[in-house]
Amino acid sequence: MEATTQTHRERRLDLARKAFKEFYAQCFWSADPDLVVEEQHIPFIVRGLRLHGGHKGFRLAAELCRTSSAK
C-alpha cells in the first residue's frame with residue numbers, strides 16, 4: 001500500500017510541475033520562473049489554476065485535488 005501512495009504523490013507532483021510550466025504566463029507570472037515545484041507548492045498551483053486558468057486550468061486543478069485524496 002505504501003508503494004501505491006508514493007506513486008500517487010509522484011503523479012500529483014509531476015502533474016503540478018507540468019501545470020506550472022504550461023500555465024506560467026497565464027497564472028503564475030509573479031512567481032519565479034525557475035521555481036522548483038515541490039509538494040508544498042501544490043496549493044499555490046491549484047489556487048492559481050482555479051483563479052486564472054480558465055476551463056482547462058480549473059479541470060486540471062480538480063485533477064490535482066482528486067489525486068491528493070486517492071490514497
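**View 1. Leu 13 is found in helix H1.** In this predicted model, the residue is classed as buried because its relative accessible area is 19%, and the cut-off for that class is under 20%. Leaving aside residues up to four places away in sequence, Leu 13 touches Val 37, Glu 38, Glu 39 and Ile 42. The C-alpha atom of Leu 13 is also separated by 8.7 Å from that of Leu 64, although the two residues are 51 apart along the chain.

**View 2. The largest nonpolar core of the model has 18 residues.** Within this core, the residues with the most contacts are Phe 20, Phe 28, Ile 45, Leu 49 and Leu 64. At least two core residues are supplied by each of helix H1 (2-22), helix H2 (24-27), helix H3 (42-52) and helix H4 (54-69). The contribution of H1, at 5 residues, is the most that this core receives.

**View 3. Phe 20 is shown with the residues that it touches.** Phe 20, one of the residues with the most contacts inside the core, touches Phe 28, Ala 31, Asp 32, Pro 33, Leu 35, Val 37, Phe 44 and Ile 45, when residues up to four places away in sequence are not counted. Among these partners, Phe 28 and Ile 45 are themselves listed with the most contacts inside the core. Val 37 is a contact of Phe 20 and is also touched by Leu 13.

**View 4. The helices are set in the context of the whole protein chain, which has 4 helices and 0 strands.** Read along the sequence, these elements follow the pattern α-α-α-α. The C-alpha trace spans about 40 × 25 × 15 Å along its principal axes. For a chain of 71 residues, a compact globule would have a radius of gyration near 11 Å, and the 12 Å of the protein chain agrees with this expectation. Of the contacts with a separation of 6 or more, 52% are accounted for by residues 24 or more positions apart.

Conventions. Residues numbered from 1 in each chain as written. Predicted model: local features only at pLDDT ≥ 70, side-chain atom pairs only at ≥ 80, totals over all residues. Heavy atoms only, no water. Rg over C-alpha atoms; globule rule 2.2 N^0.38 Å. Contact = heavy atoms within 4.5 Å. Core = buried A, V, L, I, M, F, W, Y, C linked by side-chain atoms within 4.5 Å. Buried < 20%, exposed > 50% of the residue type's maximum accessible area, 1.4 Å probe, protein only.
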